[in-house]
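This report concerns aromatic ring contacts in one protein model. Please consider the sequence and structure shown below.

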Amino acid sequence: MGNLDDDSAGFEQSYVHSNGNGCVKSSTPISNGHIPNHTTFVEQRQKSDEQQQQNGEETEEQLLRLKELKFSAPAYTEIRTRSGGLNFKNAEEGSYHPANGHVEKSGKRSDKFKPSQADGILSAEQEHYQKTSFEDVPLHTACLTYLGFYLLMILGYINQLLFVPKVATEKARDGYVTLYDAFESFYSRYVYRRVRDCWNRPICSVPGDELILKDRVTDDYGWSFRFTGTETRCLNLGSYNYLGFASATGRCADESEQSAREKGLAYCSSRCELGNTQLHIDLERLTARYCGVEDAIVFGMGFATNALNLPALLGPKCLVVSDEKNHASIILGLRLSGATTKVFKHNSLKDLERVLRNGVCYGNPKDGGKPYKKILICVEGIFSMEGSIVRLPEIIALKKKYKAYLYLDEAHSVGSMGPNGRGVVDYFKADPKDVDILMGTFTKSFGSAGGYIAGTKKLIDYLRANSHAHCYAGSISPPIVQQIYTSMSIIMGEDGTNTGRNKIQQLARNTRYFRRRLAQIGVITYGHEDSPVVPMLVYLFSKIGAVIRTLTTRHIAVVGAGFPATPIMEGRIRFCLSAAHTKEQLDYALDVIDDVSENLGLKYSRKPRDPNPIEY
């Protein structure tokens, strides 16, 4: 793990060894490298493990010491959870290696696994409803969620009136108008502040399958933080490192380092001036071949790829039909463009067609009912908060029927979806030429930074002349370009190995296993069964913080999302899976999630649970 060389083996050895259903034979706690008397404990633990193998049983004293160690992270010593602990069942150990897959007792590899792609057996609509889950919230949970949120608001207003700390009072502002919106200021200070420790957490390692958190505590109830000087090593279930390329070692890191030494760290100019190099040209050509289109253009920031290119493609006399769950970068780009924006219900083809039909029939009301200059359908491949996948074949059919353009944001799906890792277009075996504008980012599956737009040569030539992100922003730095180029070449198999294909299949395997085990646990998850973005619904605002803090004490780092990023009713924990995760790591996480869900009352699902072991 890069900068933790003295403890490189401790975390890997700490995962539980389990069978195909996640049941545990033995468990060893995770060390964060700063627990008092840790060395002594490990020696005692190793001796006890040897005795355990001989006697075939585990004493109550060992379980008690295991539980105490798991809750010893200094930055979270104030957190208290309910009594219990993991209820591990005795089971035979399975043998697993990432390169070989699950080995059954016969010693043969299980070949039942299929890569991430649409089956094609059912119609597109039937397959969507069969593989996508959006379970309704129980009525009593909905009532408690609203009651809890409004109670937080009331307490916040009382706190604002009676207890205003000095840190919340601005100085030298007499005579100035209010800079911040009143409600936003109140919400961030007196509602969000209560769970502020669960966000913006600093790390000090590579965000691979594991990461290291810098511990911090607050002495004034979230108004400010101070570092404790300690670190906590965690299993990383929050980063967008889908294919595991975010690493400080390996071919990508080595070639990026060489590029930095030879060409420096920045070109200090835009592509239109002195920032265009052969590296950028080669990357654009490779990206075009990767996407299966004529040409591509790359940018230094993924967010800006949407926000600054949509205004170049749209104007006030255009109509955009946008999914209600589209990313903030798309929403900002549409606002900047001045186009008329109509929103349709998430992934609802019926509502999409209604909006398209009305736009064609009634025209632009701002222009006396004249036809819109152009109509653009804007969707994402994988919706980052929902974990759902766009219904691409049906949307392509509608676009052709109403002669609309299609803008597809593959930020989360490129690299992580499809048998060849080329996004939802590859997943559905669609023709890339049926998508007018293919957008994606390099910040996730490629372990780098930036974004791209791919399509016809005419489209890309237009953007080279009119895109603010191309003409005025600094060009991508040499090591970043090299990281993208190398990782993309590996995915495409142009390095002469099967590493890319193995990573794609490993991610798909991890995704299905993790989602099916969560369904077996009884929690509610959203999204498509092949989506590596897995939102677990916790609903109550207070439970978001409780889950994040408790999982951190168990050495699992996750991301929470609540209002205003999600509706008030749908607070959630978002897991992001990676090809770098092993089955042992996922089993450890799932057992902890099962325990936490039992203690915090998160098993809301009313669906029947599969009693059979889930095959990896």
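## Basis

The model is predicted; local features need pLDDT of at least 70, side-chain atom pairs count only at pLDDT 80 or more, and totals for chains, interfaces and linings use all residues. Residues are numbered from 1 along each chain as its sequence is written, and side-chain values use heavy atoms, with hydrogens and water left out.

## Aromatic pairs

Rings of Phe, Tyr and Trp (its six-membered ring) pair if their centres lie within 6.5 Å; planes under 30 degrees apart count as stacked, over 60 as edge-to-face and the rest as tilted. This rule gives 20 aromatic pairs. One of them joins Phe183 and Phe186, tilted at 45 degrees with centres 6.3 Å apart. Both residues belong to helix 6 (residues 182-190), 3 residues apart, or about one turn of the helix; helices are DSSP runs (H or I, at least four residues) and strands likewise (E, at least two), numbered from the N terminus. Phe183 is partly exposed at 36% relative accessibility, whereas Phe186 is buried at 2% (buried is under 20% relative accessible area, exposed over 50%, partly exposed in between; 1.4 Å probe, protein chains only).

Phe442 and Tyr452 form another tilted pair, 5.4 Å centre to centre with 35 degrees between the planes. This pair links distant parts of the chain, 10 residues apart: Phe442 is in the loop between strand 13 (437-441) and strand 14 (451-455), and Tyr452 is in strand 14. Phe442 is buried at 0% relative accessible area, and Tyr452 is buried at 2%.

## Cluster and charges

Ring pairs connect a cluster whose members include Phe183, Phe186, Tyr187, Tyr190 and Trp223.

The charged end of Lys214 lies over the ring of Phe227, 5.1 Å from its centre (NZ of Lys or CZ of Arg within 6 Å of the ring centre and within 35 degrees of the ring normal). Lys503 likewise places its charged end over the ring of Phe245, 4.9 Å from the centre.
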